[in-house]
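Biologist: I have not looked at this one before. Can you walk me through it?

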Amino acid sequence: MNSTLLRTTALRSALRASAPKAATRAGLAGTTFVRGKATLPDLPYDYGALEPAISGQIMELHHSKHHNTYVTSLNNFSEQLAEAKHKEDIQAQIALQPLINFHGGGHVNHTLFWENLAPTKNGGGEPPTGKLAQAINDGYGSLDAFKEKFNAALAGVQGSGWAWLVQDTQTGNVLIKTYANQDPVVGQFRPILGIDAWEHAYYLQYQNRKAEYFKAIWDVINWKAAEKRLK
């Protein structure tokens, strides 16, 4: 999937031509496009490969239905935005920007989320090393203390949203931030590791016991992918 994420040039060109401000707000620099359209990334593991932490049924629905809906909607609204710009319809452009942000953010967030996960046989759950491990220890004292803080942030998400380990691009420090709905990590912060707190990410398996999901997902976190994002 890393090779898929590298194909960003076409996206940037398409969005600069159609809606540069909307693209900036949506944080679409990580979106993958083929011939100007976003595409659903393939997973580098089977749907059932993350069990028992995340069931195969959840993974299939989450990836093939929920994520795919964000991709389809992003493409549709991007086309509408291009048409609105061609017609110089300012009202339509303004109305479409929140939809681009939501569905584009959903695409970017989920693309990163799949990379954040790995089966245990492929290193999922193995603790971070190097600079990322040092940054977590410096900021939170230990990996266990970090997980406790992160899970508290996840539990505090009201309604739908995400918790992220981000890097401040100005100071280089890492910190935990929560984002509502599908708002992407943009601007001053760089996404390092994100966990989806939407009900569709856990409810079929954990129902109202979301704290169990927050605890179990660490068993399949791909820290190696997170380490590559740290600058």
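Predicted model: local features only at pLDDT ≥ 70, side-chain atom pairs only at ≥ 80, totals over all residues.

Biologist: Is Glu88 buried or exposed?

Modeller: Glu88 counts as exposed, because its relative accessibility is 67% and the cut-off for exposed is over 50%.

Biologist: What is phi of Glu88 near?

Modeller: Phi of Glu88 is near 55°, which is a positive value in a residue other than glycine. Most residues other than glycine have a negative phi.

Biologist: Which other residue has phi near 55°?

Modeller: Asn181 has a phi near 55°, again positive and again in a residue other than glycine. Asn181 is in the loop between strand S4 (174–180) and strand S5 (189–196). Asn181 counts as partly exposed, at 37% relative accessibility.

Biologist: And the peptide bond from Glu51 to Pro52, cis or trans?

Modeller: That bond, from Glu51 to Pro52, is cis, with omega near 5°. Most peptide bonds are trans. Pro52 lies in the loop between strand S2 (37–38) and H4.

Biologist: Let me step back. How many helices and strands are there in the chain?

Modeller: The chain has ten helices and five strands. It has 231 residues, and buried residues make up 49% of them.

Biologist: What about contacts along the chain: what share join residues at least 24 apart?

Modeller: Taking contacts between residues at least 6 apart in sequence, 70% join residues at least 24 apart.

Biologist: Left-handed or right-handed crossing?

Modeller: H4 passes H5 in a left-handed crossing. By class, the contact of H4 with H5 has 14 nonpolar, 14 polar and one charged residues.

Biologist: Give me a residue from H5. Where is His103, and is it buried or exposed?

Modeller: His103 is in helix H5. His103 is buried, with a relative accessible area of 10%, and the cut-off for buried is under 20%.

Biologist: What does His103 touch?

Modeller: Not counting residues up to four places away in sequence, His103 touches Thr69, Tyr70, Ser73, Leu74 and Phe77.

Biologist: Now one from H4. What can you say about Val71?

Modeller: Val71 is in helix H4 and counts as buried, at 4% relative accessibility. If neighbours within four places in sequence are left aside, Val71 is in contact with Ala38, Thr39, Leu40 and His107.

Biologist: How far apart are the C-alpha atoms of Val71 and Gly104?

Modeller: They are separated by 7.4 Å, while Val71 and Gly104 are 33 residues apart along the chain.

Biologist: Changing topic. How many residues are in the largest nonpolar core?

Modeller: The largest nonpolar core has 50 residues, and Leu117, Leu165, Ile217 and Trp223 have the most contacts inside it.

Biologist: Take Leu117 then. What is Leu117 in contact with?

Modeller: With neighbours within four places in sequence set aside, Leu117 contacts Tyr45, Leu50, Ile54, Ile217, Val220, Ile221 and Asn222. Another core, of eight residues, lies apart from the largest one, and Phe77, Ala84, Leu96 and Ile100 are among its members.

Biologist: One more helix pair. At what angle do H6 and H7 pack?

Modeller: H6 and helix H7 (residues 143–155) pack at an angle of about 70°, with their axes 8 Å apart. That makes H6 roughly perpendicular to H7, because angles of 65 to 115 degrees count as such.

Biologist: Which residues meet there?

Modeller: From H6, Ile136, Asn137 and Tyr140 meet Leu143, Ala145, Phe146 and Lys149 in H7. By class, this contact of H6 with H7 has five nonpolar, one polar and one charged residues.

Biologist: And Asp138, buried or exposed?

Modeller: Asp138 is in helix H6 (residues 130–140) and counts as exposed, at 59% relative accessibility.

Key
Residues numbered from 1 in each chain as written. Heavy atoms only, no water. Left-handed = near helix turned anticlockwise from the far one by under 90°. Helix = DSSP H or I, 4+ residues; strand = E, 2+ residues; numbered from the N terminus. Nonpolar A, V, L, I, M, F, W, Y, C, P; charged D, E, K, R; others polar. Core = buried A, V, L, I, M, F, W, Y, C linked by side-chain atoms within 4.5 Å. Buried < 20%, exposed > 50% of the residue type's maximum accessible area, 1.4 Å probe, protein only. Contact = heavy atoms within 4.5 Å. Axes fitted to C-alpha atoms, helices over the stretch in contact; angles between N-to-C directions. Parallel < 35°, antiparallel > 145°, perpendicular 65-115°, else oblique.
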